[in-house]
Amino acid sequence: MSSKSLPSLWPEIIIEYEGHLIAGVDEVGRGPLVGSVVAAAVILDPGCPIDGLTDSKCLSGARREALDLRIRECALAFSIAEASPREIDSLNIYHATHLAMRRAIDALPTPAEYLLVDGNRLPGHACPGQAVVKGDLRHPAISAASILAKVARDAQMLALDARHPEYGFCRHKGYPTPEHLAALARLGPLTEHRSSFAPVRERLAGA
């Protein structure tokens with residue numbers, strides 16, 4: 001069937017599945033130097049449409065929070081999972097991201113019958129599905145997953161900021177901004193930093 005998804009400049013998604021147990025899957029946190037990579041899976045309820053779903057990066061923080069609540073209220077099923085900084089260091093970020101996605105899919109209280117995964121690769125799960133480039137802009141279930149994952153990871157960064165305010169995590173969310181790099185050089189890495197990422201690895205080597 002064809003997706004009745006969000007309007008965009010991309011071609012319509014052709015989905016080879018006729019049921020309603022489609023899980024959108026997305027992740028947040030590939031680029032930061034600190035914290036887990038977080039993935040979410042969402043099965044939307046066709047009888048409870050949610051207005052305003054789009055890529056989480058296109059939304060204000062307040063709008064993401066509001067949509068996060070709406071998704072939790074309306075979705076048939078949702079789950080959030082992660083891969084830790086140590087798993088990222090052990091597996092590399094690509095494989096750790098897919099691990100987080102598989103964990104999110106497995107944690108759905110209602111099993112998915114088909115997956116729509118943001119990006120150009122499926123995460124190696126047994127459930128059939130397809131990868132969708134720019135999927136968080138093109139299908140509402142993937143948009144919903146991106147919002148849940150973003151809100152969850154931002155909450156982790158706010159909690160880390162409360163413990164270590166000198167690093168500024170509430171502002172940069174762990175991404176390698178000049179402020180974060182300066183704090184890393186001045187204060188050194190935390191245990192939550194990803195030691196395999198170059199700025200952290202170089203700081204550890206210098207220490």
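Modeller: Start with one term: a residue counts as buried when its relative accessible area is under 20%, as exposed when over 50%, and as partly exposed in between. C74 has a relative accessible area of 7%, so C74 is buried. C170 comes out at 28%, so C170 is partly exposed. Disulfides number zero here. Keep in mind that this is a predicted model.

Now the sheet. Five strands form an open sheet in the order β3-β2-β1-β4-β5, and the pairing is mixed. At the edges sit β3 and β5, each pairing on one side only. From one strand to the next, the twist averages 20 degrees.

What does mixed pairing look like here? Strands of a sheet pair through backbone hydrogen bonds, either parallel or antiparallel. Take β2 (residues 37-43) and β3: these two run antiparallel and are joined by seven bridges. Within this pair, A41 stands opposite S79 of β3. Now take β1 (residues 22-28) and β4 (residues 114-118): they pair in the parallel sense, over four bridges. Here A23 has L115 in β4 as its bridge partner.

The covered face of β3 holds A77, S79, A81 and A83. Its uncovered face holds F78, I80 and E82.

Next, the helices on the sheet. Helix α3 lies across β1, β2, β3 and β4, and runs at about 150 degrees to β3. Helix α5 also packs on the sheet, touching β1, β2, β3, β4 and β5. The direction of α5 makes about 35 degrees with that of β1.

Look inside α3 (residues 93-106), where you will find T97. Is T97 buried or exposed? Its relative accessible area is 1%, so T97 is buried. Leaving out residues up to four places away in sequence, T97 touches E27, R30 and V37.

N92 has a phi near 90 degrees, a positive value in a residue other than glycine. Its relative accessibility is 37%, so N92 counts as partly exposed. K134 also has a positive phi, near 55 degrees, and is not a glycine. You will find K134 in the loop between β5 (129-132) and α4 (135-138). At 44% relative accessibility, K134 counts as partly exposed.

Back to α5 (residues 140-163), which also meets α1 (residues 61-74). Two packed helices are described by the angle between their axes and the distance between the axes. For α1 and α5, the axes come within 9 Å and cross at roughly 120 degrees. The crossing is left-handed. On the α1 side, the contact is made by R64, E65, L67, D68, I71 and R72. On the α5 side, it is made by A144, I147, L148, K150, V151 and D154. These residues divide into six nonpolar, six charged and no polar.

Finish at G174, in the loop between α6 (169-172) and α7 (178-187). Its relative accessible area is 0%, so G174 is buried. Again leaving out residues up to four places away in sequence, G174 touches P32, L33, V34, M157, F169 and H180. By contrast, G174 and Y17 are 38 Å apart in space, C-alpha to C-alpha, and 157 residues apart in sequence.

Key
Residues are numbered from 1 along each chain as its sequence is written. This is a predicted model: local features need pLDDT of at least 70, side-chain atom pairs count only at pLDDT 80 or more; totals for chains, interfaces and linings use all residues. Side-chain values use heavy atoms; hydrogens and water are left out. Axes are lines fitted to C-alpha atoms, for helices over the stretch in contact, and angles run from 0 to 180 degrees between N-to-C directions. A crossing is left-handed if the near helix is turned anticlockwise from the far one by less than a right angle, and right-handed if clockwise. Contact means heavy atoms within 4.5 Å. Ala, Val, Leu, Ile, Met, Phe, Trp, Tyr, Cys and Pro count as nonpolar, Asp, Glu, Lys and Arg as charged, and the others, Gly among them, as polar. Buried means under 20% relative accessible area, exposed over 50%, partly exposed in between (1.4 Å probe, protein chains only). Two strands pair if DSSP finds at least two bridges between them. A disulfide is a pair of cysteine sulfur atoms within 2.5 Å.
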